[in-house]
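Subject: Structure for your review

Dear colleague,

Please find the structure below, together with its sequence. A summary of the findings follows.

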Amino acid sequence: MTKRIKGSCATILVGKKASLDGSTIISRNDDGHEALDPEKFVVVNPADQPTDYQAVISGVNIKLPDNPLRYTSIPNSILTNGIWPAAGINSDNVAMSATETITTNARVLGIDPYVAGGIGEEDLVTLVLPYIHSAREGVERLGQLLAEFGTYEPNGIAFSDNDEIWWLETIGGHHWAAKRIPDDAYVVAPNRMNIDDFDFAADDTMASADLADLIETYHLNPDFDRINLRHIFGSATDKDTVYNNPRAWFGQKYFTPDVDQDPQGQDLPFICHANRKISIEDVKYVLSSHYQNTQYDVYGDGTESDKTKFRPIGINRNHDVHILQIRNDVPASIAGIHWLAFGANTFNTVVPFYANVDDTPAAYKDADGTFNLNHMYWLSCTTALLGDTDFDLYEDFRNTFALEAMGAYRKIQNDTDAAIKNGADVSILKSANEQLSNESFTRQTKLLGDMVTFGSEHMKLRYNLND
């Protein structure tokens, strides 16, 4: 098997009654194993979907069904380790984000070891998203693939349609469990096994057929009176207390500030309820966060020990942030919105691209391994790098940019929505995406230019006397 490449992401899920406008929302930071790994935003049309899929990492070969759906995708630009599509929305308005790398324990792996020639993060979107017509079907198809081919790693995967959100976690080499997120709830899922209380008989759960028996047969349940899958199949390690749990704590603190919890606690809840309806901007804020307004803020005034104690959500290894929104207050032709930004999240904004198109704008589609400020991936990474050198100096620039850019994007979106509702043909969505891309590129370039101009006056390489 080719050397396995790890990611370490953060996921936020928002049910339709918990969101501001009644949309379902699944979102994730696609964090890589290194600071730079270029990505691009594309549409995979049916003619471009393989019929015989060949994985690079594991070498598994899988025959795929006929009649795939069109879907958006965020693949790697450099395909040495495979496609890694990350996330997308298909033409039936079903969304998928894959994957959140999660945790396991030795008891599980002693029963159902990983499969070196199985499937993994490299493959999952390609194997599942083009063939499903609901979130529930996504769980069922992925469950069948795991049972047949197995996996070489533990992952969490999100599915959504306009009605439901499902979260699936792999267990060992072939097993899995999934839970439907309540409509009025949200989830913040870091790199650990996240599902806690689980009822195998409930309508809002699915699992491998023998999973309940496996727990009983191998005496896996440490609890006396409950089934908690995180306790049974997950971890509670020292690493979790500094790498994973604090990220769940910060997200829950932001959405539900009246709940007092330990940032290192091993039992932070999976299903949560906010004190208000959650907006796209709220989701982006948390996915860009670095423990703002706490002693652990990476850019804050705390001690060096506090500032480096916990792994932040926003990090230099953010390669993209995607927020997949399926709306319920618009025609189905414009329901799917693939919000997207590249690079470390402290100095970017998500752009609301319409998913019902057959191509994407060049600035978001054409990045490769060569540094080029004409490509949004490299422009975003450059802005984040400069911002990181003196966050306090550039923070106001970032805040003004984010406010004005998001307002401009929403104006384009509102105008396009109105045109469709008034009878315009969906062919205008491609030009709307071009307009959004141009607006984003222009504003991101201006932000970088303003930071360079202002920052040049504050360089250490200066002297007060002038010739």
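Does V188 count as buried or exposed? This is a predicted model, and in it V188 has a relative accessibility of 5%. Since the limit for a buried residue is under 20%, V188 therefore counts as buried. The residue is found in strand β12, which covers residues 186-189. Leaving aside residues up to four places away in sequence, V188 touches T11, I12, N194, R247, A248, G251, Q252 and F255. V286 is 98 residues from V188 along the chain, and the C-alpha atoms of the two are separated by 9.3 Å.

Strand β2 (residues 24-31) may also be of interest to you. Eight of its eight residues are buried, so β2 is largely enclosed by the rest of the structure. T24, I26, R28 and D30 point one way from the strand, while I25, S27, N29 and D31 point the other way. Strand β2 pairs with β1 (residues 10-14), to which it runs antiparallel with five bridges; here A10 has N29 as its bridge partner. Strand β2 also pairs with β14 (residues 318-326), again in the antiparallel sense, over eight bridges. In that pairing, D30 stands opposite D320.

A further sheet is open and consists of six strands in the order β7-β8-β9-β10-β11-β13, with antiparallel pairing. Strands β7 (87-89) and β13 (205-207) stand at its edges; each has a single partner strand, so one side of each is left without a neighbour in the sheet. From one strand to the next, the twist averages 15°. Three bridges join β11 (residues 175-180) to β13 in the antiparallel sense, and A178 has M206 in β13 as its bridge partner. Helix α3 (residues 135-149) packs on this sheet and touches β9, β10, β11 and β13, its direction making about 10° with that of β10.

Finally, I would draw your attention to a pair of helices. Helix α10 (residues 376-389) packs against helix α12 (residues 428-456) at an angle of about 30°, and their axes are 10 Å apart. The two helices are therefore roughly parallel to each other, and their crossing is left-handed. On the α10 side the contact includes M376, L379 and L386, and on the α12 side it includes F441, L447, L448 and M451. By class, this contact has eight nonpolar, seven polar and no charged residues.

With kind regards

Notes. Residues are numbered from 1 along each chain as its sequence is written. This is a predicted model: local features need pLDDT of at least 70, side-chain atom pairs count only at pLDDT 80 or more; totals for chains, interfaces and linings use all residues. Side-chain values use heavy atoms; hydrogens and water are left out. Axes are lines fitted to C-alpha atoms, for helices over the stretch in contact, and angles run from 0 to 180 degrees between N-to-C directions. Helices (H or I, at least four residues) and strands (E, at least two) are DSSP runs, numbered from the N terminus. Angles under 35 degrees count as roughly parallel, over 145 as roughly antiparallel, 65 to 115 as roughly perpendicular and the rest as oblique. A crossing is left-handed if the near helix is turned anticlockwise from the far one by less than a right angle, and right-handed if clockwise. Contact means heavy atoms within 4.5 Å. Ala, Val, Leu, Ile, Met, Phe, Trp, Tyr, Cys and Pro count as nonpolar, Asp, Glu, Lys and Arg as charged, and the others, Gly among them, as polar. Two strands pair if DSSP finds at least two bridges between them. Buried means under 20% relative accessible area, exposed over 50%, partly exposed in between (1.4 Å probe, protein chains only).
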